[in-house]
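Please look through the chain and the model below before reading my points.

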Amino acid sequence: MDARSRATASRPYDQPRPRAGAAARPSASRGRSRYDTQPRYASQPRGRGSARGRRSGGNLLVGGMAVLASGITGGTRSSGLNRRQSAPSGARNVIVGIVAVAVVAIIGVLLWSNRKVDITLNGEAMSIRVGSTCEEVIQAAELSPKAGNLVSVSGKRLQEGAGYAYTAKLGGNELSEDDAKNYRVSPGDSLDISDGGDRMEDYDVQVMTEEPQLEMGGDAWGNLSYVSQWPKAGQYEMRTGKQSGETARGDTIEETQNAVVTIHQISPDDDSKKLVALTFDDGPAETYTEKYLEILDKYGIHATFFNLGQNVEEYPELAKEICDRGSEVMSHTYQHQQLSQLDASALQQEFSSTFSTIESTTGVKTTGFRPPYGDFTEKAWLNSGGLASVSVLWNQDSLDWKRPGVDAIVENSTKNVTSGSIILMHDGGGNRDQDVEALPKIIEKLQAEGYEFVTVTELMKSDSSIPADVAAGNATMPDGCVWPTQIKSDDSSSDDSGSDSSSGSGSDS
């Protein structure tokens, strides 16, 4: 092997041949052809983006994306040497594209956010920059709303012009101070701006309890008065102004619910029926109760007995028999005292003792009663403590206590009777022989006129305007309620006389 061959064999394949002289150096054209020619991909398009950008008339956004794509594609597909040479140019293209896109976006945002929109201001059309505040609308429209005043908790003016600067309504709804500050105009808004309202001084708050009161309502007269609304205590704010020192009632936290007693004449819903109730006071009586029950059984009807608590204790078997034979028992108080003359404690004792005696004897719970002499005033309702639910009076007074004769008792009991009427007779308290003789005649006469005899609770249930618990005759004050100690009307609170219904004659003995 000659020297040239040995040199060639010992030289790595990829190393250039030693420069022995000009003759040994490869030609310039061959060297450039091997090392300096472009990669075979260099002549191909550098991505779709640039072509689409050119076709669309040089759209700047698409063109920028094309430049970005071209820089990335060119950098990844070049040889190591060409990457080094093309990298600065590709980076510049990417930056130019990004800047162009950003400029276009900024310009678009500025144009969009500063566009003008049409609104209605105080009933008139107006064009204004979108997103304008209330203050900017006021300035643009050259409005001059007058500020309200600073006032005390009782409404007295403390400082002129220190109230709200303006009042803003959007679509007819007034905006709060915070909402007005945060408001920004949108297309189509209907905005009204006027003078500002008064601003209340800062104040301290104390939560107060408000006790319910008693109020009477309903008809001018009737054979019933009942609790149509049970009372509940309320709560409210008591405000003390920090600047004025004044004290005034503020917002209601919980509504106070008064006790409402309604006077009502029973009126059955069904006009096709003629209903009437027979009632007997002062029993049970050893002499007459059984006789009345036999007569009622004979005609297949029932009645209501308003019994005295002391008599129920004396004749418990008669009280129970009344209920067992289909009639009903309600209270006539314990010992027939005039309730309007009693204080609250004594009156409540009359109720509670009789109600409990009736229940323990007959098994029937009732809170219905008939006041002796028909005397139960608004003041008496106040003193009742909420123990009773309904006071039952009458339309037809037989006047049997006068012993006017059988025919007179019949006439008094039936004359001018209408559907919903209540007839008053007596069981105990004296000689009732005339009643025993008159009772069949009363029944026959009214049945001949088409009347149906029912108990008081059945009569109340026929009138849907009466609350169901009251009509059942056993309504009690719900938990959470508190009975009032004051009457709502000053005029009626001074009236301690008179019945709770003009239909009661006060002749009950």
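**Notes on selected loop positions**

1. P284 sits in the loop that runs between β15 (274–281) and α8 (289–299), where helices (H or I, at least four residues) and strands (E, at least two) are DSSP runs numbered from the N terminus. The peptide bond joining G283 and P284 is cis, with omega at about -5°. Most peptide bonds are trans, and most residues other than glycine have a negative phi.

2. Before going further, please keep in mind that this is a predicted model, in which local features need pLDDT of at least 70 and side-chain atom pairs count only at pLDDT 80 or more, while totals for chains, interfaces and linings use all residues. Residues are numbered from 1 along each chain as its sequence is written, and side-chain values use heavy atoms, with hydrogens and water left out.

3. N122 is a residue other than glycine with a positive phi, near 50°, and it belongs to the loop between β1 (116–121) and β2 (124–129). N122 counts as partly exposed because its relative accessibility is 34%; buried means under 20% relative accessible area, exposed over 50%, and partly exposed in between (1.4 Å probe, protein chains only).

4. T333 also has a positive phi, near 70°, and is likewise a residue other than glycine. Its place is in the loop between β17 (328–331) and α11 (344–362), and T333 counts as buried because its relative accessibility is 0%.

5. Which backbone atom does the side chain of S327 reach? The side chain of S327 reaches the backbone nitrogen of A303 at 3.0 Å. S327 lies in the loop between α10 (316–324) and β17, and S327 counts as buried because its relative accessibility is 6%. Leaving aside residues up to four places away in sequence, S327 touches L293, L296, H302, A303, F305 and I322, where contact means heavy atoms within 4.5 Å.

6. A165 is found in the loop between β4 (157–159) and β5 (166–170), and A165 counts as partly exposed because its relative accessibility is 48%. When residues up to four places away in sequence are not counted, A165 touches P145, K146, A147 and G196. The C-alpha atoms of A165 and R199 are separated by 9.8 Å, although these two residues are 34 residues apart along the chain.

Conventions: A polar contact is a pair of N or O atoms within 3.5 Å; within protein, one must be able to donate a hydrogen and the other to accept it, and residues adjacent in sequence count only if both atoms are side-chain atoms.
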